[in-house]
Amino acid sequence: MMRIAPVLTLATAMLGGCAGQDVETSTRPSFVIISLDTLRADRVGAMGGEGSLTPNLDRLAAQSFVFSQAYAQSTETLFSHASLFSGRYPSELSTVDYHFSYPPSVPTMAEVLGLYGYQTGAAVSGGHLSPAFGLGKGFQHYEGPVEWGSLRHTVPAGMTWLDDHQDGPFLLFLHGYDAHARYLKPPPVGQLYMSEVPIGPGRALVQSTMGTAQVVGDVWHQRRRFDQLFPVDRLRPHTAEALASITPDPSAIRLQPADLTRIAQAYDGAATYADLQVGVLMAALEQRGLLETTWVIVLSDHGEELGERGLFDHRLGMSKALLHVPLIIRPPGGLDAAQVKAQPVGLIDVLPTVLEQAGVPAPAGIHGQQLLDGGEDGEPAPTRRAIFAEGPWRTIGAVDGTGGLVFSGISAHSAHLQKMLQHTPLSSEAFETWGSPDRPQLLQAMQAWRRKLSPHLPRPSADSEARRKILQERGYWGAP
Amino acid sequence: MSLVLWLTLAACRTGPAPTWSAEKVVSGVFSRLDKDADGVVRPAELWREGPSLASMDQNKSGGLSPAELLAGIQAQDPSAFDDRPGRPGVSVTRWRSVLRRSPEVRTRWELLRFLVIEAELRSPQTPLPSAAEVTALSEAGGPAYVAAQVRLEAALAATSPQGARQ
């Protein structure tokens, strides 16, 4: 168990020492948040998906607020959960690359709730939710029963913790890599949508640890590491031109169309497996009589590409498949019928929503908006023009109801981003779109968003000084 | 509470039926497998691979009820089935080793590279540093880097949507 007394002290100071000692904790609701890693929105029936892959999520959604236009704030687990826990964009917290570390100075949802008497526990599945990256900050209990594990591991662990912590309001966060590669799950669920037994390379691929991330087009580069295929010193490794330039080595395997189909079929099985675990969790909560007093929030940290751009992963570039995620919020007792809300929202909005329902003030500096203005009566929450995202391979994106605009080539944490965004024409290859958005309007929204942010690091201070001198001498644009 | 205990308690429960009973939780999977819709999954309806029906058939009836199917599914560890090795955890050190250069150098490099690519498209007459020169300038930093940056920015300024000077 991880104890956090020094951090609490700091957070208390940051919140102005306003922890709610005078508020009756027994009147506050509890929260269970379930993160279904890598689950695409279009695999969830309640989010518009076809094929009845997720009957339990659909049943849950029938009693819930369903956010049909929910978008993740990153395409990678680490950064996306950092936004979920902080209500801020990743670049405000640290560098949006693998040097990321959650900053001690920024309070998390668990930390704030802890200050108001909540018991906070998490059962996660390792990977980027390893405590080494700092995402356990604020949880009084943070455990990872199985590395790269499933909700089948974390739900029982969470219930064990819960059984000792029902004497007051609680926050329980559960996470599983059920829909993440390795897609193939135990039979019969894992193969539910396969028309025949996969064999040969196709079988090895769907059961391999990261094999699908090594597929480009119809070639499995089985001996090449991800960073060899997509080197960090390639400015835009996700473009069609960059993908076409990858030369297969002798170990590369050319896949058959059926192999590629089975990747998607295995993924669908993984989605159903994740759904089944949500059902088991709901049964466990019902068994404990907690569904009348507990908010249940189901979400995913990002989606997955299943060959749309010749890729089967989630880290490169941005697309609807990567950013559109399920977000289902069931209030205590459930709604009589689903309330579908179609405005663009993000995982960044979960923190203020939770804190609002808990009756706890949100920390200063967050960018999320609480989603349930007016409580459970369905009054619309404040609308926004777009929701934004930051990817680890130098991408930022803006999404609205009509599509998305992506800008790539400059890291989200770079001090140069805002200026490059301002001075790069929409005709540049730095911009890509999906859907049919109003590109100038979305660019304007993106620029306004960046102006509001304070990128965390790094700031090239020495260069800035030299640059300022030269620019002032020559009178070029961009001079401070 | 173990799944088996939950299933047992659920079976013995009196009063209103639970919303999330084992039957309902597994109903989607069950109905896909139960092709003749007779309420029992029989050997011919199960996938050819995986645990035998006998291993899941707790009451030895020759078929699986929804509760038996769910228990059988949950008995398998998704991290270990199919004789595959466990996946190692994330090594923060190894993960970060992919980023060989310091954050400052990477920031300089990507800006200069970005400007070069833009200049190639928008200001083709501008003499451009090679990829190797971009790397060398970025690693060195200082006045030479800044001069190259300013030169490229100036070349692009005329084509900027925001105008030449701010």
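This report describes selected helices, helix contacts and aromatic pairs in a predicted model.

**Overall composition of chain A**

Chain A contains 14 helices and 17 strands. Of its 480 residues, 67% are buried. Contacts in chain A between residues at least 6 apart in sequence may be sorted by separation, and 72% of them join residues at least 24 apart.

**Helix 3 and helix 11 of chain A**

Helix 3 of chain A spans residues 77-86 and is mostly covered, with ten of its ten residues buried. These buried residues are A:Thr77, A:Leu78, A:Phe79, A:Ser80, A:His81, A:Ala82, A:Ser83, A:Leu84, A:Phe85 and A:Ser86. The elements of chain A that cover them include strand 1 (30-36), helix 4 (109-115), strand 6 (170-176), strand 10 (294-299) and helix 11 (350-358). Just after helix 3 of chain A comes A:Gly87, which takes a positive phi of about 75°.

Helix 11 of chain A is also mostly covered, and eight of its nine residues are buried. The buried residues are A:Val350, A:Leu351, A:Pro352, A:Thr353, A:Val354, A:Leu355, A:Gln357 and A:Ala358. They pack against strand 1, helix 3, helix 4, strand 10, strand 11 (327-330) and strand 13 (345-346) of chain A. Just after helix 11 of chain A, A:Gly359 adopts a positive phi of about 75°.

A:Glu356 is also located in helix 11 of chain A. Its relative accessibility is 45%, and A:Glu356 therefore counts as partly exposed. Between A:Glu356 and A:Ala82 there are 274 residues of sequence separation and a C-alpha to C-alpha distance of 19 Å. A:Ala82 is one of the buried residues of helix 3 of chain A.

**Two contacts of helix 9 of chain A**

Two packed helices are described by the angle between their axes and the distance between the axes. Helix 5 (residues 151-163) and helix 9 (residues 257-287) of chain A have axes that come within 10 Å and cross at roughly 15°. That angle makes helix 5 of chain A roughly parallel to helix 9 of chain A. The crossing of helix 5 past helix 9 of chain A is right-handed. On the side of helix 5 of chain A, the contact involves A:Leu151, A:Arg152, A:Val155, A:Met159 and A:Leu162. These residues meet A:Tyr273, A:Ala274, A:Gln277, A:Val278, A:Leu281, A:Ala284 and A:Leu285 in helix 9 of chain A. The residues of this contact comprise ten nonpolar, one polar and one charged.

Helix 9 of chain A also packs with helix 5 (residues 66-74) of chain B, at an angle of about 110° and with the axes 12 Å apart. Helix 9 of chain A and helix 5 of chain B are therefore roughly perpendicular to each other. Their crossing is left-handed. Helix 9 of chain A contributes A:Tyr273, A:Leu276, A:Gln277 and A:Val280, while helix 5 of chain B contributes B:Leu70, B:Ile73 and B:Gln74. The residues of this contact divide into five nonpolar, two polar and no charged.

**Aromatic pairs**

Over all chains, a search of the whole structure finds 17 aromatic pairs. Two of them are set out below.

| Pair | Centre to centre | Angle between planes | Arrangement |
|---|---|---|---|
| A:Phe31 and A:Tyr118 | 6.1 Å | 35° | tilted |
| A:Trp148 and A:Tyr177 | 4.6 Å | 45° | tilted |

A:Phe31 belongs to strand 1 of chain A and A:Tyr118 to the loop between helix 4 and strand 4 (119-123) of chain A, so this pair ties together parts that are 87 residues apart in sequence. A:Phe31 and A:Tyr118 are buried.

A:Trp148 lies in the loop between strand 5 (141-143) and helix 5 of chain A, and A:Tyr177 in the loop between strand 6 and helix 6 (200-207) of chain A, so the pair ties together parts that are 29 residues apart in sequence. A:Trp148 and A:Tyr177 are both buried.

Ring pairs also link A:Phe79, A:Tyr98, A:Phe100, A:Phe226, A:Phe230 and A:Trp393 into a cluster. A:Phe79 is among the buried residues of helix 3 of chain A.

Conventions:
Residues numbered from 1 in each chain as written. Chains lettered and ligands numbered in written order. Predicted model: local features only at pLDDT ≥ 70, side-chain atom pairs only at ≥ 80, totals over all residues. Heavy atoms only, no water. Buried < 20%, exposed > 50% of the residue type's maximum accessible area, 1.4 Å probe, protein only. Helix = DSSP H or I, 4+ residues; strand = E, 2+ residues; numbered from the N terminus. Contact = heavy atoms within 4.5 Å. Axes fitted to C-alpha atoms, helices over the stretch in contact; angles between N-to-C directions. Parallel < 35°, antiparallel > 145°, perpendicular 65-115°, else oblique. Left-handed = near helix turned anticlockwise from the far one by under 90°. Nonpolar A, V, L, I, M, F, W, Y, C, P; charged D, E, K, R; others polar. Phe/Tyr/Trp six-rings, centres within 6.5 Å; stacked < 30°, edge-to-face > 60°.
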